[in-house]
Amino acid sequence: MNKRFLKYAGRFTFIFIALIAFYFLMAFGLSRITVNAKPKNKPEVTIYILSNGIHTDIVMPATNPAIDWTKKIPYSNTLEADSTYQYLAIGWGDKKFYLETPAFSDLKLVTALRAISGLSTSAMHATYYQYMIEDEQCKKVMISHVQYQKLIRYVSNSFQTDAAGDFIKIKTNTHYDIGDAFYEAKGSYSMFKTCNTWTNAALKRCGQRSCLWTIFDTGILEKYN
């Protein structure tokens, strides 16, 4: 009986490790395949791809003739942001991860397992910035007005809205910055749809260089080196 148990346990362990290895191999390989390798962009609107080393956001003008984000995401919903903050970074992610894991030292196993399972809810994280500085973790991209409209639709459609069509702010004391706030989002985070998958899809939607599929920020950033 013990030998049989050890035999099946060994097979299960081997299959489990093989599946994990295959998952990361596919993630690496598909992130190296470029979609929209040579986009045709009129330099009309400035956006940025911002990474904290793990998670990516799309950064857009706080106000623009196409949309005034400050009407949908008021400065008053943040701790201290005001009209001097000219840029808005938006990212999508697992709700519990966002609200309960401000630092990776706070990460709990149950939170991580729920996130990758696809069973938990999601949230939008919106952060206002006064200015942006280009570096290895912040990539500037110039796009056309038409492309920006497509990006606006993609980002806006990621938010849950109330009966009046307004974004639904999450009531929480959690803040990563004096200029941020959280909102209810559509969809569920999983091992196949991460915050970086969302950012990558945003870039695809507006015709920019992107990965065929990615779960990490590195695949996206490498397209803009």
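Is Asn 36 buried, exposed or partly exposed? With 31% relative accessibility, Asn 36 counts as partly exposed (buried is under 20% relative accessible area, exposed over 50%, partly exposed in between, with a 1.4 Å probe and protein chains only).

## About the model

This is a predicted model, where local features need pLDDT of at least 70, side-chain atom pairs count only at pLDDT 80 or more, and totals for chains, interfaces and linings use all residues. Residues are numbered from 1 along each chain as its sequence is written, and side-chain values use heavy atoms, leaving out hydrogens and water.

## The loop at Asn 36

Asn 36 sits in the loop between strand 1 (34–35) and strand 2 (45–51). Its phi is positive, about 55 degrees, although Asn 36 is not a glycine. Helices (H or I, at least four residues) and strands (E, at least two) are DSSP runs, numbered from the N terminus.

## The nonpolar cores

A nonpolar core here is a set of buried Ala, Val, Leu, Ile, Met, Phe, Trp, Tyr and Cys residues joined through side-chain atoms within 4.5 Å. The largest one has 39 residues, and Met 60, Trp 69, Ile 73, Ile 90, Tyr 148, Leu 151 and Val 155 touch the most other members. Helix 5 supplies the largest share of this core, five residues. Apart from it lies another core, of six residues, including Leu 50 and Cys 138.

Take Met 60: leaving aside neighbours within four places in sequence, its contacts (heavy atoms within 4.5 Å) include Ile 47, Gln 86, Tyr 148 and Leu 151.
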